[in-house]
2 protein chains.
Amino acid sequence: MYYETLSQNELAREFEEVKKQYEAFKSKGISLDMSRGKPGPEQLDISNDIFGAVTAEDIKSASGVDCRNYGGLDGIEELKPIFAEILGVDKSLVIVGGNSSLNMMFDTIAQAMTHGMGEKPWAAQGEIKFICPCPGYDRHFAICEHFGIKMINVACNENGPDMAHVEELVKDPTVKGMWCVPKYSNPQGIVYSDETVKRIAALKPAASDFRVFWDNAYAIHNLTEPDAKLLSIQKLCEENGNSNLVIQFTSTSKITFPGAGVAAQAAGPEDIVRLKKRMTVQTIGPDKLNQLRHARVFKTVDDVVAHMKKHAQILRPKFEIVLKNLEANLGGLGIAHWTKPNGGYFISLDLLPGFAKRTHALCKEAGLVMTGAGATYPYSKDPEDKNLRIAPSYPSVQELDMASKLLCISVKYAILEKLINQ
Amino acid sequence: MYYETLSQNELAREFEEVKKQYEAFKSKGISLDMSRGKPGPEQLDISNDIFGAVTAEDIKSASGVDCRNYGGLDGIEELKPIFAEILGVDKSLVIVGGNSSLNMMFDTIAQAMTHGMGEKPWAAQGEIKFICPCPGYDRHFAICEHFGIKMINVACNENGPDMAHVEELVKDPTVKGMWCVPKYSNPQGIVYSDETVKRIAALKPAASDFRVFWDNAYAIHNLTEPDAKLLSIQKLCEENGNSNLVIQFTSTSKITFPGAGVAAQAAGPEDIVRLKKRMTVQTIGPDKLNQLRHARVFKTVDDVVAHMKKHAQILRPKFEIVLKNLEANLGGLGIAHWTKPNGGYFISLDLLPGFAKRTHALCKEAGLVMTGAGATYPYSKDPEDKNLRIAPSYPSVQELDMASKLLCISVKYAILEKLINQ
């Protein structure tokens, strides 16, 4: 670490300088937010064709169903091949749902709790556990916490979760599941390597009701060309005699409208039957009109991929300005490292252990909201207090310029005040 | 019964005549369906303003929220007073959701199973029971069956459920809930009397986690003027110190579009906190754009009520032709009686005990699909095999004319063949 090479006097001078910069930001009375993986308004505008996509004159799906009325439990037919291709599965394994893939994940776990996945209900099996690659997505962890599922941290490197650790953990029959965001992960933006995907597909868990929850939220959300390739987990599972190992999820929330997109899930043949059986009791069907709007705008996956290029054009400069400021201000100091994602919605920033909470507080004090320190870990407890998630999608480039500079200054401030007071 | 006054010879002649009529229908090769409480296409057309109600230029809710984006867990503000008025509650007790009130009911019961309603999870309390006024709605019963909740039949007369029976049953602490369709009930079309509503609101169940599931699906769905008045259950509950006794549900499924309407639920102050807490984990929010479409078309409850008159105009002749044919063909014979609803979607037909399944089969054989015999009872078991549900909303008046005549002939056929063979 650079600061270790400085004398106490030099450190004091450095801190004074950083403090001055920090106070200058603070005095501006700014109000910035890099906390939410939320598309910005310009991104939403590129999907405005959705609004006129279905009119009163044209309310039937390709199979002739009046989409205004009841029916169609697993979604309209024309969307299935599109989601099937995105998820790398046969379209018979796809359920097209409402506006929230998170809701589908929650419901699937709720079903496993009360009705099991081919075995006794999870809730009737005493303590059960989930493997949580981390840093990860706080809402996955919140579902586990809600249902009292014990979470086990597994480190995630640039190739995905530490598979040796995962392979060891699944020998425990009380381990029932594993969260994965396999492509442009939240928050690291990494893509699971071919080897990682193959090893997951080949898992032989002790529990036959173990499931991998494969949240492919950023399946086609690349920032740079070419798009990273992720192996089809379902096909590999089938080759390994593991047809029902993985349940996949995705949505158009970050393709069209976050609040009014279309979500989908895919699962093995037995699980699909199980899921649909619950759905016959749970609902009369999804909003087919909104599905139809999407089907009208996107005839094929190619249409979706073309659409994603427009998102990338808007998002790329936002990531670039943040990464540029991180490099310019924290590069080479040995006090932080961060991911440089080629897709997704986040940058993961690792500080020296013990500095995430303080940095977060300093940002907040100066008017910058960051995702809560610890949020990227189960139970919101970052064991080393070092990870911060940066979400550059919503603010403007100008705001991000200021916000990321303030973040860097806050990082330095947190470390220097500690060194000074040692 | 009229047939009891006839000699065997007369019965045989009567049966020959009915058989001839039945065969004549059968030979027509008709295909009719009176099974589904599904609005017809003309009804859907009157809500086509929904399509243009929100455009790209006008995507903000009254409180300035971009409805395309994430957020807003309990729905947009402008819809809350409308649902609050329909359900007779303060708007702070309303959650505006997705397209399915059935889904909200399922989720609420799922939550009670895994997390309880202020007590231990229902699933951790051994056998629990629900009071099921019947005939009733098959999908309510299906939810109980799905979760292994034992159902107890309670008779429902023209004033609502047999309250003496209900008051007795709630003394059992394993009785955790009760289904109610208080207005224009499914399938009887009855409206709970003031006394019934007052007695429900005054219940003192042994179980503090007992809840009334008040499915007010047909709250403003009258066929005739004036609309029947239903007392506000929530206000009465509050007067009785029972603020958290009732959870209400409704939707615009039969106001605008069945598959793409807006559902809402209301509950007492403690339950609302409980429900919203689960929702923070379950979803990022409902489809606010579809809510906004509804808010644009309906500014006030009066707009909704005016809209319902158009539905009534379409539905009234459909109910009338069925009731006319029932009266003309079965009236005065003492072999059947039926309800004459002033609203809702159904007519309940009670035959002599033992004839519902056979009548249903005869209808089917001649090309008329009716709701399954037994479907209006828990476990699809009509203890007397006497009830059939008639759903006149979807077919045309002409189709209903034919279908209801065929139904009457099938009723007579079933009874006469039995009498002949005795």
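**Note on the contact between chains A and B**

1. In this predicted model, the two copies meet through the same surface, because 100% of the interface residues of chain B are also interface residues in chain A. The contact takes 42 residues from chain A and 42 residues from chain B.

2. Five elements of chain B give two or more residues to the side that touches chain A: helix 2 (41–45), helix 5 (101–115), helix 6 (138–146), helix 10 (269–282) and helix 11 (288–297). Of these, helix 5 of chain B gives the most, with six residues. Sorted by class, the side of chain B that touches chain A has 22 nonpolar residues, 15 polar residues and five charged residues.

3. How is chain B superposed on chain A? A rotation of 180° does so, with 0.0 Å of shift along its axis and an RMSD of 0.0 Å. That is the relation of a two-fold axis.

4. A:Met1 lies in the segment before helix 1 (8–27) of chain A. Is A:Met1 buried or exposed? A:Met1 counts as exposed because it has 11 C-beta neighbours inside 10 Å, and the cut-off for an exposed residue is 12 or fewer.

5. Which residues does A:Met1 touch, when those up to four places away in sequence are not counted? They are A:Leu333, A:Gly334 and A:Ile335.

Conventions. Residues are numbered from 1 along each chain as its sequence is written. Chains are lettered from A and ligands numbered from 1 in the order in which they are written. This is a predicted model: local features need pLDDT of at least 70, side-chain atom pairs count only at pLDDT 80 or more; totals for chains, interfaces and linings use all residues. Two residues are in contact if their C-beta atoms, placed from the backbone, lie within 7 Å. Helices (H or I, at least four residues) and strands (E, at least two) are DSSP runs, numbered from the N terminus. Ala, Val, Leu, Ile, Met, Phe, Trp, Tyr, Cys and Pro count as nonpolar, Asp, Glu, Lys and Arg as charged, and the others, Gly among them, as polar. A residue is buried if 20 or more other C-beta atoms lie within 10 Å of its own, exposed if 12 or fewer, and partly exposed in between; C-beta atoms are placed from the backbone. Copies are superposed by least squares on the C-alpha atoms of residues with pLDDT of at least 70 in both.
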